[in-house]
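Subject: Structure handover

Hello,

Here is the structure I promised to pass on. Please look through it first, then read the notes below it.

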Amino acid sequence: MEGYRVLTTPLLMRSGYAYVPYSSLESVIENSKVGYYLALRQTQKTIRSPRPNWQPWAVYFLRALQQQKQRLEKKIERERLVLGTLPELSLQIVEAIKERGRMTIGEIVNLTGANRNTVKKHVATLVEINHLAQHGTGKGTWYGRR
């Protein structure tokens, strides 16, 4: 079951699909193991024949991608609703970290021009409500997406 990830994740990322870690195809497949193995077995039975039947596997895979897309749409909508209630500085911080991947308090202060203590408060709140993850402690602390 692990093999599909070797192909799909890089292909999706190359095609501009930036939410692979955010919405795992693996979890969709994990939740439909019976269908996965049935489709795989049906295709494997014909694999060495002159005309392999790829349809069971292709249909399963496309349905799994469709389920993943639907899950992702729900997650994005929930995030959009929550982000709509955040203060402007918090939105700036979330967007900056989304673009850069990770930032320190100092980098956020430099980027936003906001007071250091104000930035710390906003970041602490964002960590508390699970919009950001804190990595490390002390001077080496940085923040990234959950």
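Asn130 has 48% relative accessibility, so it counts as partly exposed. In these notes, buried means under 20% relative accessible area, exposed means over 50%, and partly exposed lies in between (1.4 Å probe, protein chains only).

The model is predicted, so local features need pLDDT of at least 70 and side-chain atom pairs count only at pLDDT 80 or more, while totals for chains, interfaces and linings use all residues. Residues are numbered from 1 along each chain as its sequence is written, and side-chain values use heavy atoms, with hydrogens and water left out.

Back to Asn130: its phi is near 65°, a positive value in a residue other than glycine. Most residues other than glycine have a negative phi. Asn130 sits in the loop between H7 and strand E2 (132-135).

Overall, the protein has seven helices and three strands. Helices (H or I, at least four residues) and strands (E, at least two) are DSSP runs, numbered from the N terminus. Starting at the N terminus, the order of elements is α-α-α-α-α-β-α-α-β-β. Of the 146 residues, 29% count as buried.

Next, helix H5. With 13 residues at 1.5 Å a residue, H5 should span 18 Å, and its end C-alpha atoms are 18 Å apart, which agrees. The expected span is 1.5 Å times one less than the number of residues.

Which residues of H5 are buried? They are Leu89, Ser90, Ile93, Val94, Ala96 and Ile97. Seen down the axis of H5, these buried residues fall within an arc of 165°, so they line one face of the helix. The arc is taken from the directions from the helix axis to the C-beta atoms. The face turned away from the buried side of H5 carries the exposed residues Glu88 and Glu99. After H5 comes Gly101, with a positive phi near 95°.

The axes of H5 (residues 88-100) and H7 (residues 116-128) come within 10 Å and cross at roughly 70°. Axes are lines fitted to C-alpha atoms, for helices over the stretch in contact, and angles run from 0 to 180 degrees between N-to-C directions. H5 is therefore roughly perpendicular to H7, a term for angles of 65 to 115 degrees. The contact (heavy atoms within 4.5 Å) is made by Leu89, Ser90, Ile93 and Val94 of H5 and by Thr118, Val119, His122, Val123 and Leu126 of H7.

Regards

Note on methods: Parallel < 35°, antiparallel > 145°, perpendicular 65-115°, else oblique.
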